[in-house]
Amino acid sequence: MASGTAPAPGTSPVHAADSALAPEASPHLAPALARDVLPPARRRPLRTDVRADILRAATEQFFESGYLGTKLVDVATRAGYTKGAVYSNFGSKQALFGSILNERLATLLSGRLATILGDERRLDDAALARIARRLAETLVEDGPWHLLLMELAVHAARNPQAADLYRQSRQSVRLALGAVILERADQFGIDPADHRVDVLAPLVMSATNILALERILDPDYFTNDVQSRMIEALLVGTLR
């Protein structure tokens, strides 16, 4: 007969052996088993995801604090990363802001201009009035962008590096807007020889920047209706 304690009545030998190995049956074994249980591995975020998170947080921070008031440590905290992560992806606040402006340009080209121009086929007075109204409506939504650009412009007047960033950004928008105008020149009945695109594009850009700022500072006077009529007068005067 085998030696050892017989299992309790109603308990199979296998179950009795299993219970002998259970943690509750051996108080010294439970801590060792707990130490062997590793937490699930944390997935390292993709670099593209990190950059997207930082750009989103930075845009919100720039809108809230302005260009000069924004600190990279605040951007990092808002994005949920370290300040080192911001520097490793963008290098400086100026480079970060430049990346935001590039994204803004992409948005402008992908949809904003198409929305403003609509499905107009000829630029008669009625069509110009509709374009002016749509452009005036975007000034409200895009107000924070225009305010940031104005702040950057003032800062750039005394800072050569900021001036380079401002010029590059404005040149990109100017060329993009000019390309759209040339693309629709025949459709709109515009003769580039009579209406210089290199003048028309920056004229519209400058006017909309100033009008957006006026809307922020004096919304009671510079309503959608007033600004629509101002833009319409500018377009009619330039294209007629």
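1. Reading along the sequence, you get α-α-α-α-α-α-α-α-α-α-α-α for the protein chain, that is, 12 helices and zero strands. Helices here are DSSP runs of H or I with at least four residues, strands are E runs of at least two, and numbering starts at the N terminus. Keep in mind that this is a predicted model, where local features need pLDDT of at least 70, side-chain atom pairs count only at pLDDT 80 or more, and totals for chains, interfaces and linings use all residues. Residues are numbered from 1 along each chain as its sequence is written, and side-chain values use heavy atoms, with hydrogens and water left out.

2. On the chain as a whole: of the 240 residues, 35% are buried (under 20% relative accessible area; exposed is over 50% and partly exposed in between, with a 1.4 Å probe and protein chains only). Take the contacts (heavy atoms within 4.5 Å) between residues at least 6 apart in sequence: 66% of them join residues at least 24 apart.

3. Have a look at α3 (residues 47–69) and α6 (residues 93–117), whose axes come within 10 Å and cross at roughly 105°. That makes α3 roughly perpendicular to α6 (65 to 115 degrees; under 35 is roughly parallel, over 145 roughly antiparallel, the rest oblique). Axes are lines fitted to C-alpha atoms, for helices over the stretch in contact, with angles from 0 to 180 degrees between N-to-C directions. On the α3 side the contact includes R51, I54, L55 and F62, and on the α6 side K93, L96, F97 and E103. By type, the contact residues divide into nine nonpolar, three polar and three charged (Ala, Val, Leu, Ile, Met, Phe, Trp, Tyr, Cys and Pro are nonpolar; Asp, Glu, Lys and Arg charged; the others, Gly among them, polar).

4. Also in α3 is E60, which is partly exposed at 33% relative accessible area.

5. In α5 (residues 83–90), the buried residues are A85, V86, N89 and F90. Seen down the axis, they fall within an arc of 105°, so they line one face of the helix (the arc is that of the directions from the helix axis to the C-beta atoms). They pack against α3, α4 (72–79) and α6.

6. Finally, α8 (residues 143–156): its buried residues are G143, W145, H146, L148, L149, L152 and A156. Their cover includes α3, α6, α7 (125–141), α9 (160–183) and α11 (197–217).
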